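Let us read this model together, one feature at a time. Sequence and coordinates come first.

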Amino acid sequence: MPVRQAVQEVLIPNSQHSDWLSKEQLNSITPEILVERMKALAPLVADNAREAERLRRPVDDVWSAIRKTGVLYHFVPKKYGGLEFDIGTFIDAVLPVAEGCASTAWVTAFCMEHNYLLANFPEEAQEEIFSQFPYITAPGTLYPPGNAVAAQGGYRLTGRWKWGTGVMHSDWIMVGAMAAQEGGDPELRFFLMPTSEVAVLDTWYVDGMVGTGSNDILINNLFVPEHRTLAVAALRSGTAWGPKLHGSWIFQVSMPVLLALTAAIASLGGARRSVRYLEERLVGGDPKLTERPAAHMRLGTARLETHSAESIMRAVGHRVEAIAKSGVPATLAQRVEMRAQICYAVELCRTAVRRISEIAGSGSHSLDNPVQRFARDLNVISTHALLEWDGASEAYGRSLIGLAPNSMVDGK
């Protein structure tokens with residue numbers, strides 16, 4: 001089979017519209033219970049990591065088990081039966097999955113977070129969707145922006161978007177497009193539609209994060225009503241519909257910072273598992289490594305890098321929560337700084353995994369070994385627009401001397 005076909009096959013996602021939790025089941029979930037449920041899934045996720053790579057998407061049985069924990073209700077408003085748990089719980093819940101499979105954790109984290117995005121759409125959209133779906137499973141991609149032409153009551157949308165994380169188990173789709181504004185410059189907006197109204201193209205042939213199934217999304221002249229659109233600028237500043245409709249600080253969290261945290265958790269899980277792998281080999285008395293000073297040095301350094309990365313991510317989580325709770329939107333300078341801190345943490349994780357991979361011997365490159373997978377995965381994660389270090393450090397440096405960022409990620 002060729003790596004890339006001239007004409008991509010159109011795929012049919014498995015949306016799994018069963019196994020919603022009852023009200024009683026949801027009411028019994030505490031943050032602690034949710035985290036314990038996700039920890040219990042870690043062996044299943046790890047055992048299926050190679051299969052996820054073979055399929056180039058999350059394994060159905062694993063995805064079903066994740067759904068049954070209730071984790072996808074995390075950012076759903078309480079008004080619609082959701083949990084509205086905090087960012088610390090978000091990190092704690094995804095990390096066990098990330099230690100088993102970065103790809104599965106990536107999809108889980110984004111599908112959780114995209115319900116925060118939906119909770120910031122106009123009330124009519126939320127009533128329409130949450131009345132049918134207790135939560136949505138949806139990709140949310142802005143690149144490359146599509147084209148939206150004004151039509152009576154909404155827009156006509158056309159484009160082809162990459163990086164459709166979650167699309168292989170989706171029921172809804174979120175994509176970004178430039179929409180013309182009367183008397184002003186075009187505005188970047190999110191558009192929301194059922195998965196059944198788009199084409200999903202078989203394009204996900206990559207060397208890392210293989211199991212995410214982040215295939216392309218194709219839309220041609222689709223009508224999207226006005227209430228299913230949302231200005232990205234309002235999400236960046238934390239001034240969209242969520243805080244007004246739900247009265248909760250969680251929906252005022254700045255989108256670029258929360259998205260960056262969402263993307264970063266998988267890298268932290270990969271680093272933590274890789275450090276543990278080397279620890280286990282050294283404690284187990286591997287004669288090739290036990291007495292090598294270099295192995296001890298690399299283990300100690302990688303452990304410090306991973307611990308520092310986790311401390312940074314959690315500190316940013318606390319800070320963005322505190323800003324949201326204050327009721328005052330995060331400033332551009334604060335957003336740029338917090339995203340840069342997250343990107344730096346990802347760089348620490350990537351360095352830690354590489355450090356371990358280089359000392360763990362040729363066996364660490366076996367396809368059954370998690371270290372080789374995490375090394376490939378973290379290389380890919382670190383190139384994501386949200387986490388790419390050169391862009392984030394440039395934006396932060398510009399901010400420090402009073403210059404505006406020059407990337408679409410941070411906005412203005």
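Q: How many bridges join strand β4 to strand β5, and do the two run parallel or antiparallel?

A: Strands are DSSP E runs of at least two residues, and helices are H or I runs of at least four, numbered from the N terminus. Here nine bridges join β4 (residues 172-181) to β5 (residues 184-194), and the pair runs antiparallel. Glycine 176 stands opposite phenylalanine 190 in β5.

Q: What should I know about the model itself?

A: This is a predicted model: local features need pLDDT of at least 70, side-chain atom pairs count only at pLDDT 80 or more, and totals for chains, interfaces and linings use all residues. Residues are numbered from 1 along each chain as its sequence is written, and side-chain values use heavy atoms, with hydrogens and water left out.

Q: What is the strand order of the open sheet, and which strands are at its edges?

A: Two strands pair if DSSP finds at least two bridges between them. The eight strands run β1-β6-β7-β3-β2-β4-β5-β8, with mixed pairing. The edges are β1 (10-11) and β8 (229-231), each pairing on one side only.

Q: Is helix α4 mostly covered or mostly open?

A: Buried means under 20% relative accessible area, exposed over 50%, partly exposed in between (1.4 Å probe, protein chains only). Seven of the ten residues of α4 (residues 60-69) are buried, among them Trp63 and Arg67. Just after α4, glycine 70 takes a positive phi of about 95°.

Q: Is leucine 403 buried, partly exposed or exposed?

A: Leucine 403 counts as partly exposed because its relative accessibility is 42%. This residue sits in the segment after α14 (389-400).
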